[in-house]
Amino acid sequence: MTTTTRPSLLERLRNPADQVAWEEFDAQYRELIVRYCRRSGLPHSDSEDVCQGVMIAMARTLPRFEYSREKGRFRGYLARSVHRAVRTQMRRRLGDSWPVDDEHLADLESGDDRHDRVWEQEWEDHHLRLAMRTIRATHHPRSVAAFDLILAGSGPSAVAEELGLTVGNVRKIKQRIGERLAALVEQQLGEEG
Amino acid sequence: MTAPDAASPLRLFGRDHDDREWIARLKKAEAPLPLGELGAYELIEEVGRGGQGVVFRARRKASGEMVALKRLRSGAFASEATRIRLAREARTISDLDHPGIVGVREVLEIDGQPVLVLDWVEGVPITRWAAGTTDRSGSLGRRLAAVLEVARAVAHAHERGVLHRDLKPSNVLVDDGGHPHVLDFGLARRFGEADEESRVTRTSEFVGTPVYAAPEQLDGDEDALDPRVDVYALGVILYEVCTGRLPYAVRGGPDSVRAAVRRWDPLPPSQVDPSLPKELDAVLSQALDPEPAHRTASVADFASDVQAILEGRPVRARVPSPLRRARRFAYRHRGPVAVTALVFVLLSAFAIDRARHARALRFERDELAVARASEERIRLEAERQRRLVEERLRGVAISERRAQEMLDFFYMDVLLGIDPGDEAARARAALSIDASSERAEEAFAENPVRLATFHLQIAHVQRIWDRFAEAHVHAERAVELLEAVKDGDDAEIRARRASALRALGSLENDLGRFDAARVTYERAIELTEELEPVEREEELSLLLAERAAMLVRLGAWDAARSDLMRAAAEERAFAEENATFSIAARMNLAGLLGRLGSHDEAEDLYREVLSRGAARPEEQVLVASAHMSWGAMLRDTGDLERGRELLEAAVDVVRLTVGEGSTEFAQVQEELGLLAVLEGRSAEAIAKLRFALGLREKLQPEHHPDLVETRHLLGAELLRSDRFAESQQLLRKALAGYEANHGDGAVELIPILRGLTHVEAKLGRLGEAISLLDRALEIAETNGLVDVAEEARAALRRISAEIPATELERK
């Protein structure tokens with residue numbers, strides 16, 4: 001499942017001229033970064049700025065990023081970059097009165113971002129969103145519609161009735177999409193390194 | 001059976017959840033995030049993100065009023081230049097005051113960053129709005145009126161000296177009342193002004209959206225930008241609004257778009273949707289002209305044409321006849337080389353095919369470059385097309401329009417992208433051609449005119465590949481289809497028929513079927529003569545010149561001369577009436593007059609071409625051609641000194657315009673080589689011809705007629721210098737080339753057979769020489785070339801006298 005011959009996005013980013021890869025990177029990670037900034041308490045415009053700054057830094061460093069399959073390497077690197085940028089932005093906005101949790105940063109810089117619960121959650125959400133995006137683009141529209149109704153809180157029988165399916169169908173759809181989601185997330189994690 | 005929680009997508013994060021939990025989690029992950037505030041405004045949603053700015057719909061907290069906020073995408077990281085650009089955009093819009101232009105309310109500085117507050121327009125992009133006006137015929141008026149309003153708004157901006165430069169549907173929103181509003185002057189620039197601030201927008205690469213950008217914009221030529229870039233964009237929008245599709249079915253970056261625009265005329269709107277008025281074809285043909293000089297000069301003119309259509313008045317733009325389109329098509333393809341080619345047609349007996357192949361040449365190189373640039377896109381598109389074909393085979397119906405798109409793609413991107421020297425690719429493509437012909441016959445069973453166009457396109461490609469027989473089949477089918485069309489008295493159909501007949505005649509000529517070609521040309525000429533001069537454009541002169549070329553091949557000098565004289569008269573009338581085409585038309589006329597012996601008049605015309613062309617950077621290739629053909633004319637009339645002067649000037653212009661690695665450069669070296677031959681400077685001639693040959697061998701496939709001809713020329717010159725062995729080698733190769741291109745019995749073989757006879761005789765291989773002469777004699781007799789046959793007989797007698805009778809008998 002994790003073996004893939006397709007070069008991962010990160011591998012493609014080693015070529016600074018691969019505009020498509022950069023656009024893909026932007027599309028995939030922008031939302032993660034902005035959401036994290038917002039949850040760290042920055043207003044939207046500042047979040048956009050932080051995100052832009054991180055993207056610029058990534059464009060500078062990722063082509064030289066030593067790619068390895070070592071788990072969490074890129075994730076840790078991204079987390080540190082974002083956290084540092086958020087801190088800078090906070091300082092710019094609030095002056096030195098902004099309390100900086102240096103210990104926390106030291107943790108992050110040691111490569112373990114799991115101390116940051118917010119980041120961890122956002123990062124998980126990011127992968128769920130990405131996988132869901134793939135599912136919406138590839139699954140049968142009726143399955144996606146059924147799943148969206150489930151997400152919106154409808155029960156299996158209500159979904160079945162609305163879409164003219166059997167309850168068994170709906171359960172099957174939910175299970176299949178759940179499995180696919182898991183598989184996709186696994187694949188994404190494998191590619192992310 | 002899988003246990004329910006084993007499916008939880010969250011297990012990878014080290015936790016297992018039941019169904020309800022992971023679904024809740026997913027819901028949260030996908031929930032939109034509130035955007036928050038920006039100064040006194042509450043951000044509601046992001047509505048657009050461009051290269052530089054992000055636009056939000058926002059509400060003013062105090063009043064609840066809706067506005068659009070534009071801030072720089074790079075925010076605090078924005079460069080000084082970007083900030084200046086946004087500030088300038090604000091000032092630019094403030095200078096404008098028109099109900100069709102979205103106004104700026106204020107410019108704020110929030111956290112040290114500029115933010116533009118603009119009127120909020122609740123609307124949809126004009127193309128989507130047009131697609132919503134479902135009843136096509138009834139709503140044409142409304143759609144035209146909307147575009148007219150846009151044009152007037154843009155004309156207003158132009159009056160104030162502001163170019164928009166990025167007009168596209170997403171920048172033209174139509175409100176509930178059907179009124180359009182132009183927004184996003186982010187790329188706007190003042191024209192006729194070159195202050196420091198204007199330089200801010202100067203970037204070496206193209207900025208904007210490629211399909212709506214004028215070709216000169218795609219070239220990145222900032223100085224050439226004038227109101228006509230907005231005319232072009234409005235043309236694309238009008239086309240899309242009226243037909244529901246883009247004039248060019250091109251996806252991809254500026255390079256692909258630029259290549260398509262330079263190569264093709266868009267399908268006239270009335271052919272996409274027959275309910276559209278012909279006047280629209282004219283207006284759009286002019287607004288979308290790739291050459292700014294030929295494009296509608298101002299947005300105000302464009303607006304008044306659109307208004308004229310609305311009111312049923314005649315439009316200023318001329319209705320383009322299919323012939324005019326065919327001409328423009330030809331100009332785009334072969335550029336001025338074709339004109340040169342035409343001029344060269346009769347210069348020497350073996351230069352006959354140069355016209356055709358010079359035309360093909362430019363093609364090959366351009367197409368090759370395009371193909372390479374967009375290989376990946378083509379691969380993806382081909383894959384998509386393959387899937388569509390599969391769908392089709394599965395019985396899923398494909399609309400006629402879709403089929404047309406597929407075929408256009410097939411022709412434009414696949415066939416023309418094939419390297420003519422790549423035999424394998426050509427063979428593969430030939431299979432696709434057969435398959436697509438069948439599909440086209442099916443898909444366009446109800447539309448013979450479109451089907452005929454397809455067959456002509458295929459004939460064109462096959463001809464470039466020198467597959468004359470295959471091309472002939474398609475051209476014949478096109479003629480057959482067009483002749484069967486009902487309402488055949490329609491001028492347009494007759495013009496198309498004439499055009500198809502000319503293609504067929506040329507191919508019959510290529511194939512050596514001269515009797516058939518005579519009949520076909522005659523029919524084409526008759527048909528063309530029935531057309532009004534305005535409808536036939538240069539078609540008649542081209543036809544006559546082509547037939548003249550054939551007649552020369554057949555030795556019918558008087559008839560050829562009379563055709564040329566008529567062609568010249570026709571060309572002259574055309575040149576006088578059509579100021580816009582005068583440079584190219586004058587080139588043609590000069591060439592014709594030169595051949596008719598009116599050298600002084602031809603020279604006056606060349607002089608004019610050069611002086612007019614000097615001021616037109618886009619005509620430099622034409623200028624190069626003029627130097628070349630003028631120089632060649634002088635050379636061939638014995639004025640070697642001035643001929644050399646002009647040809648040497650041509651070398652410089654060619655070097656500057658197309659470079660030293662081009663077939664044109666080979667051509668001009670070859671012309672100089674021929675001049676050196678006449679000057680008696682054999683060493684120089686050989687050097688030049690060798691250079692040309694080396695270049696051609698690099699650029700052209702083995703039997704390319706120009707390459708073959710260069711071998712012939714060099715072989716002949718080596719023969720004159722008594723370098724027989726080398727000459728023999730080249731002439732044999734050339735003979736093989738002529739045979740491959742024209743067949744074993746073609747009249748084209750005669751000059752080379754003659755030369756080779758000479759070489760073999762000099763090398764003492766008299767038997768070989770006699771058999772070559774025999775062949776020449778047979779060809780001459782078969783084709784009724786009495787003088788040539790007589791000459792061959794005489795030569796045979798002379799050689800026979802030189803060899804012992806025994807050897808003759810043995811032979």
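Q: How far apart are the end C-alpha atoms of helix H2 (residues 19–39) of chain A?
A: In this predicted model, helices are DSSP runs of H or I with at least four residues, and strands are E runs of at least two, both numbered from the N terminus. The expected span of a helix is 1.5 Å times one less than its number of residues. For the 21 residues of H2(A) this should give 30 Å, and the end C-alpha atoms agree, being apart by 30 Å.

Q: What pLDDT do local features need in this predicted model?
A: Residues are numbered from 1 along each chain as its sequence is written, chains are lettered from A and ligands numbered from 1 in the order in which they are written, and side-chain values use heavy atoms, with hydrogens and water left out. In this predicted model, totals for chains, interfaces and linings use all residues, side-chain atom pairs count only at pLDDT 80 or more, and local features need pLDDT of at least 70.

Q: At which residue does H2(A) bend?
A: A bend is the angle between axes fitted to the seven residues ending at a residue and the seven starting there. In H2(A) this angle is about 35°, and the residue concerned is Tyr29(A).

Q: Is strand E6 (residues 113–119) of chain B largely enclosed or open, and how many of its seven residues are buried?
A: Buried means under 20% relative accessible area, exposed over 50%, and partly exposed in between, with a 1.4 Å probe and protein chains only. E6(B) is largely enclosed by the rest of the structure, because the number of its seven residues that are buried is six.

Q: Which residue of E6(B) is the bridge partner of Leu108(B)?
A: Two strands pair if DSSP finds at least two bridges between them. Across from Val67(B) stands Asp119(B), whereas the partner of Leu108(B) is Val115(B).

Q: What relative accessible area does Gly694(B) have?
A: Gly694(B) lies in helix H30 (residues 682–699) of chain B. This glycine is partly exposed, with a relative accessible area of 31%.
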